[in-house]
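Me: I would like to learn how to read helix faces, a strand pairing and some ring contacts in a model. Could you take me through them one at a time?

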Amino acid sequence: MTSSVPVESIGPAAARRAVLAAQGFTAPRPSGPVTRRHLVRALGHVRLLQLDSVNVAVRAHYMPLFSRLGAYPRPLVDDAAWSHSARSPRLLVEYWAHEASLLPVEDWPLLRAGPKREGWWRHYQALLEQHPGLADDVLAAVKELGPVGAGELEAALGAGTRKRPPGASWWERSDVKRVCEYLFGIGALTTGTRRHFERLYDLPERVLPPKLLAAPQPTVDEAARALLLRSASALGVATEPDLRDYYRIAPERSRRAVAELLEAGQLEPVEVRGWGRPAYRLPGAKVPRRVSGRALLCPFDPLIWERARTERIFGFRYRIEIYVPEPKRQYGYYVFPFLLDGEMVARVDIKADRAAGVLRVPGAFVEPGADVPRVAAELAAELLVMAEWLELDGVVVGERGDLAAPLTAAVTSVAA
């Protein structure tokens, strides 16, 4: 790249449309049954699905696909991630990416090469120095018993099943569990399957394709460049910190890799008016003329998981309030933004009340300037689709928020 090459300048609305296209929100939802082919298409946009233990509405890794595909059979994800056969090879594997994530199996070597910032599991290295044989014992036990949970490993290794006292912190896990997490973090173990969302550890050679493991492993710099290109594909238009954050690449390594990709012509600079810092995109990236459609977004959707970027692109300030004491919450415990025709127009607190068989919306709030009747109608329709997808009988709207009354009326009208 030379300084004589002009840098295109685009407005924030065009950047927003480019972002939504990259994330898969301009592709029409399937008109018929959703298949593995649709799953692969959606994964080609988002590149990874963040895992999280919160199950207030639905597990986080299921929701981004619903947001893009509509109602789909959740076993599609389970089969792609935690089982495989000759007819349905494993598509996804667990590893630390943005956070704990499901990602395409072919991306696992890139992350294992080490371009990320050092993970929290590095603190367990001292434990291995104190007990030098423990890692080998864990690996041998997993080889014999896997896929296996940490509790079973503790018993098998004679570590007992010590119970944590009330109020004990996450850091007080057993030594075996800590070593398992360390070995997972460095790629010596992976997830064979899950049982009631509990990770069952296994050896990578029993989970990943032999061809993948036999292929030459990338260097750390090669891996950084490859992952940043994936970030650019998923983000559409992004600053260097945006690109880095998608896979949590180490800052210095990311800056160097972006410069190398620019020099090679694999990234191109673009100015987004109002952003105030350089931005980048893949050469030839398309910007749609308009974006239509609707989607509920869980707090861990890759479109919005970087909150400062969300505010920069959509003018929408969003925070998750799970850890905020209830009296201090502004919008609710587990709030989903509502995307309509490319704009964030509302937010709703959602809870799947499985005992009562309904999807509860304790609070609903409209954004300033939004068309309230249309927002209420579209949101009601999407909530009813979500309820049916979760095998719930209907939607019950509470009283909190300025959108609650219009949404209640719209739910009644759409459901009638």
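Reply: Let us begin with a cut-off: a residue is called buried under 20% relative accessible area and exposed over 50%. Please keep in mind that this model is predicted.

Me: With that cut-off, which residues of α7 are exposed, and which are buried?

Reply: In α7, the buried residues are Leu-134, Ala-135, Val-138, Ala-141 and Val-142. Viewed down the axis of α7, these buried residues fall within an arc of 130°, so they line one face of the helix. On the other side of α7, Asp-136, Lys-143 and Glu-144 are exposed.

Me: What do the buried residues of α7 pack against?

Reply: The buried residues of α7 pack against α6 (125-130), α8 (150-156), α9 (175-185) and β6 (198-202).

Me: How many bridges join strand β5 to β6?

Reply: As a general idea, side chains in a regular strand alternate between the two faces of the sheet. Here, five bridges join β5 (residues 190-195) to β6, and the two strands run antiparallel, with Thr-191 standing opposite Tyr-201 in β6. The two strands form a hairpin with two residues between them, and His-196 in the turn has a positive phi of about 50°. Four of the five residues of β6 are buried, so β6 is largely enclosed by the rest of the structure.

Me: How many aromatic pairs are there?

Reply: Rings of Phe, Tyr and Trp pair if their centres lie within 6.5 Å, and by this rule the count comes to 13 aromatic pairs. The ring centres of Tyr-95 and Phe-184 are 6.0 Å apart and their planes stand at 55°, so the pair is tilted. This pair links distant parts of the chain, with Tyr-95 in strand β3 (residues 92-96) and Phe-184 in helix α9, 89 residues apart.

Terms used. Residues are numbered from 1 along each chain as its sequence is written. This is a predicted model: local features need pLDDT of at least 70, side-chain atom pairs count only at pLDDT 80 or more; totals for chains, interfaces and linings use all residues. Side-chain values use heavy atoms; hydrogens and water are left out. Buried means under 20% relative accessible area, exposed over 50%, partly exposed in between (1.4 Å probe, protein chains only). The arc is that of the directions from the helix axis to the C-beta atoms. Contact means heavy atoms within 4.5 Å. Two strands pair if DSSP finds at least two bridges between them. Rings of Phe, Tyr and Trp (its six-membered ring) pair if their centres lie within 6.5 Å; planes under 30 degrees apart count as stacked, over 60 as edge-to-face and the rest as tilted.
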